[in-house]
Amino acid sequence: MSYTFTILSPTDTPLFTHEFGTSRSGGDGVPRFTATERAMNPFILHSALDIVEEVQWGTSSSSGSAAMYLKHIDKYQNNFISCWITGANVRFLLLTRPRDEALGLGSGGAGSQRGSLAGGRAGLGGNAGGVYNPTSPATEEAVKNFFVDVYEVWVKTIMNPFFHVGNGDVVKSPVFRARVAAAAKKYL
């Protein structure tokens, strides 16, 4: 699977973008986007912002506050988008592009049984065909854990007095990028 992770400011300015592939279940961590998919990813992520705002400003939970992790919010062709919203309205968007085999579109050979978001076949929703399911509990838990780790690093980054997220500063820290990559390797 291939992933694009983007952090968007409250004014929809991209603050950070990172592409990676799956590292679990024998993956090598390299994204497998074609040139066309790579060019379309920012547009797909920005188109999901309408749904994010609809969910964000819609009815709240029983506790009186909206959740930070919005889970799987949108699908475009074979791309799935998950979202996390911080208290300052910064959005973390994760675009997941499963391999065609994981979607049930491949040849069905031995390669179709490899990999999943949460690792192993449990993350594929338990279907006999091994079809990717973004709403399976194992998949949602893996994505949520990834977002929690990134959120912790994000809070530490914005506490830096030289970083001004309100001004649309882009995160250029190699330490931040390395920690996002480590969270991706650990959970995705």
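This is a predicted model: local features need pLDDT of at least 70, side-chain atom pairs count only at pLDDT 80 or more; totals for chains, interfaces and linings use all residues.
Residues are numbered from 1 along each chain as its sequence is written, and side-chain values use heavy atoms, with hydrogens and water left out.

Let me begin with the sheet. It is an open sheet of 5 strands in the order E2-E1-E5-E4-E3, with antiparallel pairing, where strands are DSSP runs of E with at least two residues, helices are runs of H or I with at least four residues, and both are numbered from the N terminus. Two strands count as paired if DSSP finds at least two bridges between them. The edges are formed by strand E2 (14-21) and strand E3 (69-76), each of which pairs on one side only. On average, neighbouring strands of this sheet are turned by 20 degrees against each other, direction ignored; the axes behind such angles are lines fitted to C-alpha atoms, for helices over the stretch in contact, and angles run from 0 to 180 degrees between N-to-C directions.

Now to strand E1. How many of the residues of E1 are buried? The answer is 7 of the 7, so E1 is largely enclosed by the rest of the structure; buried means under 20% relative accessible area, exposed means over 50%, and partly exposed lies in between, with a 1.4 Å probe and protein chains only. In a regular strand the side chains alternate between the two faces of the sheet. In E1, Ser2, Thr4, Thr6 and Leu8 point one way and Tyr3, Phe5 and Ile7 the other way.

E1 is joined to E2 by 7 bridges, and the two run antiparallel, with phenylalanine 5 standing opposite histidine 18 in E2. Between E1 and E5, which also run antiparallel, there are 7 bridges, and here tyrosine 3 stands opposite threonine 96. Further along the sheet, strand E4 (residues 79-85) and strand E5 (residues 91-97) are joined by 6 bridges, and cysteine 83 stands opposite leucine 93 in E5.

Helix H3 (residues 137-158) lies across E1, E2, E3, E4 and E5, running at about 140 degrees to E5, where contact means heavy atoms within 4.5 Å.

Methionine 1 and valine 30 are 29 residues apart in sequence, yet 8.8 Å apart in space, C-alpha to C-alpha.

Next, the backbone angles. Most residues other than glycine have a negative phi, and most peptide bonds are trans. In the hairpin of E1 and E2, which has 5 residues between the strands, aspartate 12 takes a positive phi near 65 degrees. Lysine 71, in strand E3, has a positive phi near 65 degrees and is partly exposed, with a relative accessible area of 39%. Glutamine 77, in the loop between E3 and E4, has a positive phi near 50 degrees, and is exposed at 58% relative accessible area.

I will finish with methionine 40, which sits in helix H1 (residues 35-47) and is partly exposed, with a relative accessible area of 33%.
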